Amino acid sequence: MSSPIRTVGVIGAGVIGASWTALFLAKGLKVIVTDPAPGAEAKIREYLQEYCSAVPNATLSPASCLNNFTFVTDIDPYLDSLDLIQENGPERVDFKRRLFAHLDAKTPSHVLIASSSSGLPASQFVTECTNNPSRILIGHPFNPPHLVPLVEIVPHPGTSEKAVSAAYQFYQSLEKDPVVVKSETPGFVANRLQAAVCAEAYSLVSRGIVSPEDLDKTVTSGLGLRWALTGPIMTNTLGGGGDFTHFMDHLGPALKSWLDDMDQHRFDIGSEDRVGALKKTVNEWVAQVDLKKHEADRDALLADLVRSKLDRAGGGDS
């Protein structure tokens, strides 16, 4: 699916903003980036030189990508030339409220404005937007955006259907896999699911049921492999012989007993003692891990998996 969006403004060049930029450039878009942090331009150029080549199904070479990249200290003079803004600023309501009021006032009303916010709903920071707040929404990626296909599109109550459709079409044109969150909820969908799994993981590790390393293995060698191909609902359906009702009727009583036990042993994330003990246990394991190699291996395998899924979805053509 193609999109009329050809020039993107990226505000904030941290981990998420830099990764978005690599994706946009590798897919042939012009990108104008701004970030007030000292040394931001040098850091993102170094990042792009390393990671543009990692984008699955890139349409431009890394060298060509940089020809479409512009870094500016003030993006205001360039707002008229943009088709979309992807904002990646701090997760603070006061900051986003000031920024979005400024962008809404200064940017032509047809320009789509998306925030990468991982948990703040747009309704909390569009309150001072008076030009066209209906074109503002959340476009929340999963890290790193240049590899992980998911984007959560979260409109606020005043976002137009036209803006939602335009965002969906744009992200899909980049071979992202967008989902529309129909109603604002704290943490949206993916982070709520992640929080639920992590909460139980913290409980199991802190109680000595399993080591941090083996806890991770149960995901990377088990649940995660299946969930990368069939999500929880489809996994349950297939586990019920193709019948979700059968699965629930058959395993429902067991699930209830497990959930009751999980409630009884819920990890208290507000307890300094329990959180401190968990940190100590996890850090003792992590100290023995080559994190740079671990991250590089993750990204390489993740890119291979995404390419395989894209090839299969496209019938083998890429």
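Hi everyone, let's start with a pair of strands: strand 7 (residues 150-155) and strand 8 (residues 177-180) run parallel and are joined by 4 bridges. Strands here are DSSP runs of E with at least two residues, helices are runs of H or I with at least four, both numbered from the N terminus, and two strands pair if DSSP finds at least two bridges between them. Within this pair, Val-151 sits opposite Pro-178 of strand 8.

A quick word on the source: this is a predicted model, where local features need pLDDT of at least 70 and side-chain atom pairs count only at pLDDT 80 or more, while totals for chains, interfaces and linings use all residues. Residues are numbered from 1 along each chain as its sequence is written, and side-chain values use heavy atoms, with hydrogens and water left out.

Back to our strands: together with helix 5 (residues 161-173), strands 7 and 8 form a right-handed β-α-β unit. Right-handed means that, with the strands pointing away from the viewer, the path from the first strand over the helix to the second runs clockwise.

Now the domains. An automatic or database assignment sets the bounds, giving domain 1 (7-180) and domain 2 (189-287). Their centres, taken over C-alpha atoms, are 32 Å apart.

What about the interface? Contact, meaning heavy atoms within 4.5 Å, involves 5 residues of domain 1 and 4 residues of domain 2. The two domains bury about 310 Å² between them, 49% of it on carbon and sulfur atoms; that is accessible area (1.4 Å probe) lost on putting the two parts together, summed over both. Ser-118, Phe-142 and Glu-152 supply 89% of the area that domain 1 buries against domain 2. Thanks, everyone!
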